[in-house]
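Me: I would like to learn how to read a protein model. Can we take it feature by feature?

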Amino acid sequence: MDVSLTLWVLTIVGLSALIAVDFFIGRKPHDVSIKEAGIWTVVWIVLAALFGLGLLIWGGGQAGGEFFAGFITEKSLSVDNLFVFVLIMAKFAVPSQYQQRVLLVGVLIALVLRAIFIAAGAAILASFSWVFYLFGAFLIWTAWKLIQEARTDEEDEEYEENKLLKAAERRFGVADRYHGTKLWIEQNGKRVMTPMLVVMLAIGTTDVLFALDSIPAIFGLTQDPYIVFTANAFALMGLRQLYFLIGGLLKKLVHLSYGLSIILGFIGVKLVLHALHESGVHVPEISIPVSLGVICAVLIVTTITSLRASRKQAEAEAAASRGEDPVKNNIDV
């Protein structure tokens, strides 16, 4: 797409306005209900769909298809982020009424950092087409790593602060308790960070690690920086509400890692084929409709099998608690 500077400015202003409205609505600390989270999750998805339809009408089928494929991929990968967000909230013992504020600012930090990543990635790809080989190989390796981690069946480890966060804590100091939504306070004559600021930085900087695979993944679907940015923006901006909506369901998505590994591996192969094609090798390229179909099919199958496996596991545990034999009751463990 030939995106003018004016359209870039209007898009950023529009997204900033949506973020401002979201911040205004959730400015008062409170526990987010399932109903509230559900309504706003639908709102963000509808806004993304309308934006995608706009691209479809004014940018053509290619642009619209690339946006929807990118958005669905980024949204599915962002669900994996929520597992870590749960660990971070537990690590810092964030009061439930403050969690939405933490996520709002944390996701905003993540969006800014991703914009930097996207700009850098677009510049590199425009100058060095061989980078597609590296991105493809990295995604295939990440897919294999996800499968290996999923097969270990290890319990969730406690979140460990990254080096940047530890350095900030040493430099500025951290208050011993939360002070509402304040980010800085005066303590013993010194200005120190509150745990609220620390956990916001934790969520924002942790997302950088997820961007290492999600950014190459979406560049495997489209090389248009405008589509890459907007797909990431819409996927991230609804993440806060999604956290409260499916927080209790995360443990039931037991096959999510397998599904994400298939998607990343598929996009990795697509990138390698594209790189070979760019190098003059006559190989088939995977079209956007095929990519979109594969991504949606994998997510649907993964969700169904995950919920089925979780249900059977719950039945087996219930039978065991009653002293019954799961095998005799035809319950798969």
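Reply: Start with contact, which means heavy atoms within 4.5 Å. This is a predicted model, where local features need pLDDT of at least 70, side-chain atom pairs count only at pLDDT 80 or more, and totals for chains, interfaces and linings use all residues. Residues are numbered from 1 along each chain as its sequence is written, and side-chain values use heavy atoms, with hydrogens and water left out.

Me: Which residues is Ser261 in contact with, leaving aside its neighbours within four places in sequence?

Reply: Ala143, Leu146 and Ile147. Ser261 itself sits in helix H10, residues 256–278. A helix here is a DSSP run (H or I, at least four residues), numbered from the N terminus.

Me: Is Ser261 buried or exposed?

Reply: Buried means under 20% relative accessible area, exposed over 50%, partly exposed in between (1.4 Å probe, protein chains only). Ser261 has 3%, so it is buried.

Me: What is a nonpolar core?

Reply: It is a set of buried Ala, Val, Leu, Ile, Met, Phe, Trp, Tyr and Cys residues joined through side-chain atoms within 4.5 Å. The largest one here has 79 residues. Phe67 and Phe234 are among those that touch the most other members. Helix H7 (residues 195–219) gives this core its largest share, 12 residues. Beyond four places in sequence, the contacts of Phe234 include Phe67, Phe71 and Lys75.

Me: How do I read a cavity?

Reply: A cavity is a set of points where a 1.4 Å probe fits but cannot get out. A pocket is an open set with protein on both sides within 12 Å along at least five of seven lines. Lining residues have an atom within 4 Å of a point. Points join across faces, edges and corners, and a volume is the space filled by probe spheres set on them.

Me: How many cavities of 30 Å³ or more are found?

Reply: Three, in the whole structure. H4 supplies the largest share, four residues. The second largest cavity has about 40 Å³. Arg240 is also one of its lining residues.

Me: Where does the second largest pocket get most of its lining?

Reply: From H11, which gives six residues. The lining has 18 residues in total, and Ser76, Val79, Leu253, Leu299 and Thr303 lie nearest the centre. The space in this pocket is about 500 Å³.

Notes: Helices (H or I, at least four residues) and strands (E, at least two) are DSSP runs, numbered from the N terminus. On a 1 Å grid over the protein atoms alone, a cavity is a set of points where a 1.4 Å probe fits but cannot get out, and a pocket is an open set with protein on both sides within 12 Å along at least five of seven lines; lining residues have an atom within 4 Å of a point.
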